[in-house]
Amino acid sequence: MSETRTPANDDAAPGYEGLLHQQEDAELHEPPGDWRIEDWVVFAIFWALAGVVFLQFFTRYVLNDSIAWTEEIARYLLICVTFVGAAMAARKGTHIALELALFVLPPVLRRWLRLLLAAIAVAFFAVAAWLCFEIADAMWYQPMVVVDLPLGLVYYVAFFGLALTTIRFAWHAVVRFRAGEERHASGAARS
């Protein structure tokens, strides 16, 4: 027996369950047309990945003669989608995080702790981007296994994703810090 959510149930939901419902409702109503460069790049790479995987499936299971380069290119395209897609999540503030402990804190302390955690994450992404750039430069003359392209291409796309993730994560942290913290349903449930 499943429980259906109604507006009356949302208002009555105490504590963290109410927070989850509010977050779900906010994510359902994202403004359309809010596309940035990383969205278009991920969109293009994703559809290229879908085409390569379909070609791999078709040639392997329908034609019984697999094309050798499809597996390698599909792997590299998936890596690219992951790293550039991280910038999308950073811009929207939807990176996975454990926020349950933060909601126990008062809003002022929560605000500063979020800023500290964001600074640590930005530092991590910045170091990762720098290291990825170093690897991309070193791997530029290393060819891919099947396709005669430099392996550094994959690392440069990963560097682009990490650098953009750093920028987007820092921007989102500043915007969220300036907006402040609002009282949540957990505070309302205690009173």
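User: Why is Arg 91 called buried?

Analyst: Happy to start there. In this predicted model, Arg 91 has a relative accessibility of 13%. Buried means under 20%, so Arg 91 counts as buried.

User: What makes Arg 91 and Glu 38 a salt bridge?

Analyst: The closest N and O atoms of Arg 91 and Glu 38 are 2.9 Å apart. The cut-off is a side-chain nitrogen of Lys or Arg within 4 Å of a carboxyl oxygen of Asp or Glu, so the pair qualifies as a salt bridge. Arg 91 lies in helix H4 and Glu 38 in helix H3, so the bridge ties together parts that are 53 residues apart in sequence.

User: And Glu 38: is Glu 38 buried or exposed?

Analyst: Buried, because its relative accessible area is 0%, against a limit of under 20%.

User: What makes Arg 168 and Glu 38 a salt bridge?

Analyst: Here the closest N and O atoms are 3.0 Å apart, and the limit is 4 Å. Arg 168 sits in helix H6 and Glu 38 in helix H3, so this pair ties together parts that are 130 residues apart in sequence. Both Arg 168 and Glu 38 are buried.

User: How many salt bridges are there in the whole structure?

Analyst: A search of the whole structure gives 4. One of them joins Arg 75 to Glu 71, with the closest N and O atoms 3.8 Å apart, again within 4 Å. Both residues belong to helix H4, 4 residues apart, which is about one turn of the helix.

User: Why are Arg 75 and Glu 71 called partly exposed?

Analyst: Partly exposed covers the range between the buried limit of 20% and the exposed limit of 50%. Arg 75 has a relative accessible area of 42%, so Arg 75 is partly exposed. Glu 71 is at 44%, so Glu 71 counts as partly exposed too. Elsewhere, salt bridges that share partners join Glu 38, Asp 39, Arg 91 and Arg 168 into one network.

User: How do you know that Leu 164 is buried?

Analyst: Leu 164, found in helix H6 (residues 152-179), has 12% relative accessibility and therefore counts as buried. Leaving aside neighbours within four places in sequence, Leu 164 is in contact with Ile 37, Glu 38 and Ala 87. The C-alpha atoms of Leu 164 and Ala 87 are separated by 5.7 Å, although these residues are 77 apart along the chain.

User: How do you know that Cys 80 is in no disulfide?

Analyst: The nearest cysteine sulfur to that of Cys 80 belongs to Cys 132 and is 9.8 Å away. A disulfide needs the two sulfur atoms within 2.5 Å, so Cys 80 is in no disulfide. The structure holds 0 disulfides. Cys 80 is buried, because its relative accessible area is 7%. Cys 132 counts as buried because its relative accessibility is 8%.

User: What makes the pair of Phe 124 and Phe 125 edge-to-face?

Analyst: Their ring centres are 5.5 Å apart and their planes stand at 65 degrees, so the pair is edge-to-face; the cut-offs are centres within 6.5 Å and planes over 60 degrees apart. Phe 124 is exposed because its relative accessible area is 54%, whereas Phe 125 counts as buried because it is at 13%.

User: Why is the pair of Phe 133 and Phe 159 called tilted?

Analyst: The centres are 5.1 Å apart, with 55 degrees between the planes. Stacked is under 30 degrees and edge-to-face is over 60, so an angle in between counts as tilted. The pair links distant parts of the chain, with Phe 133 in helix H5 (residues 107-138) and Phe 159 in helix H6, 26 residues apart. Ring pairs also link Trp 40, Phe 43, Phe 46 and Trp 47 into a cluster.

User: Which residues have the most contacts inside the largest nonpolar core?

Analyst: Those are Leu 77, Met 144 and Val 154, in a core of 14 residues. Helices H3 (37-62) and H4 (69-92) are the elements that give two or more residues to this core, and the largest share, 7 residues, comes from H4.

Definitions and conventions. Residues are numbered from 1 along each chain as its sequence is written. This is a predicted model: local features need pLDDT of at least 70, side-chain atom pairs count only at pLDDT 80 or more; totals for chains, interfaces and linings use all residues. Side-chain values use heavy atoms; hydrogens and water are left out. A nonpolar core is a set of buried Ala, Val, Leu, Ile, Met, Phe, Trp, Tyr and Cys residues joined through side-chain atoms within 4.5 Å. Buried means under 20% relative accessible area, exposed over 50%, partly exposed in between (1.4 Å probe, protein chains only). Contact means heavy atoms within 4.5 Å. Rings of Phe, Tyr and Trp (its six-membered ring) pair if their centres lie within 6.5 Å; planes under 30 degrees apart count as stacked, over 60 as edge-to-face and the rest as tilted.
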